[in-house]
Amino acid sequence: MKLTQLKMVLAIADKGSLRAAARELGITQPSLTHSLGELERELGATLFERHARGMAPTPVGEVFLRRAAVINNDARRARDEVAQFLGNDQGEVVICLSVVAHLVLLPMALPLFQQRFPRVRLRIVEGSFPAVESRLRDGSMDFYIGPAPELQPSSEFQVEKLFDNTRAVFARRGHPLANARSMAEIAHASWITTGITGKAESEFLELFEQLGLPQPKLMLQAESMLTTLTTVLATDALVITLRQYDEYPLTRSALQRIDVQEVMPAPAIVAVRRAALPLAPAADYFYDMFGRASLAYQASLPKTSGS
């Protein structure tokens, strides 16, 4: 079994057809078909089934693809690690950051990384841990920084808490309820929930129930920072979201924080990476710069914030 065969199988699965995979790999379709047949004979199993719309992995093919992805990504990581160890700034770092990490950590970590590794390519995905867990597992993503997942990740991941967090209430500037000091004063407003699952809405409803408030009027569920900002700025809707919107210059100038007396906790911000293998030097350095940015961020907070 060769690394080129693993790349071949991954390309077929990704493209969904032999023709498209051959074009992606820069080889002829007959050559690809022959190589696939050789690999299947070596394994004693059929990896793909032909359908009207192309090629689909068999159940055993799905198992093989998971392992092939890990091996292929680790080979890429090994090449990058050797090159970076020898002083060659090349390769790629792929990470996932939440909104909070973008707002308060990336502005410090990114310039430090670019100064040290100016020619290493960066790919930054915005998202949550569940959405990228499989990519962290197979090595196609180096690390994640954002809210701690609801379920503790398995032992194959290393989880490091960076700082605790809280939420706050926000509105557009000039909102008629801007001077309110309790949730009871603003409970009647229209509300936006944030998150990519229905759990965000259920948690929001639970908060009102715990405070003894009537069921809120939910206007929409925002699944991105852009949707949240656009809706709040264009309407009288309120949103309970992470306090960092009030700490980042661009969002602070657009939004009004409503200083209610109730404390609304949020998941801690954590860094997650694979535990079994070390990161390549560039990814490891970037990871450390986020840790440094976290310490600087915490030091900048007022002592009364509880952080």
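Student: Taking a salt bridge as a side-chain nitrogen of Lys or Arg within 4 Å of a carboxyl oxygen of Asp or Glu, how many salt bridges does a search of the whole structure find?

Tutor: The search finds ten. This is a predicted model, in which local features need pLDDT of at least 70 and side-chain atom pairs pLDDT 80 or more, while totals for chains, interfaces and linings use all residues. Residues are numbered from 1 along each chain as its sequence is written, and side-chain values use heavy atoms, without hydrogens and water.

Student: Which residue does Arg137 meet in a salt bridge?

Tutor: Its partner is Glu156, at 3.1 Å from N to O. The pair links distant parts of the chain, 19 residues apart: Arg137 lies in helix α6, and Glu156 in the loop between β5 (143-147) and β6 (157-172). Helices (H or I, at least four residues) and strands (E, at least two) are DSSP runs, numbered from the N terminus.

Student: Which residues of α6 are buried?

Tutor: In α6, residues 129-138, the buried ones are Phe129, Val132, Leu136 and Asp138. Gly139 follows α6 and has a positive phi, near 85 degrees.

Student: What about Asp284; which side chain does it meet?

Tutor: Asp284 forms a salt bridge with Arg273 (3.5 Å, N to O). Asp284 sits in helix α11 (residues 281-300) and Arg273 in strand β11 (residues 264-274), eleven residues apart. Asp284 is partly exposed, with a relative accessible area of 27%, whereas Arg273 is buried, at 10%.

Student: Changing topic: at what angle do the axes of α1 and α3 cross?

Tutor: Helix α1 (residues 3-15) and helix α3 (residues 29-43) have axes that come within 10 Å and cross at roughly 110 degrees. Axes are lines fitted to C-alpha atoms, for helices over the stretch in contact, with angles from 0 to 180 degrees between N-to-C directions.

Student: And which residues meet there?

Tutor: Gln5, Met8, Val9 and Ile12 in α1 meet Leu32, Ser35, Leu36, Glu38, Leu39 and Glu42 in α3, where contact means heavy atoms within 4.5 Å.

Student: Finally, what share of the chain is buried?

Tutor: Buried residues make up 44% of the 307 residues. The chain has eleven helices and eleven strands.

Terms used:
Buried means under 20% relative accessible area, exposed over 50%, partly exposed in between (1.4 Å probe, protein chains only).
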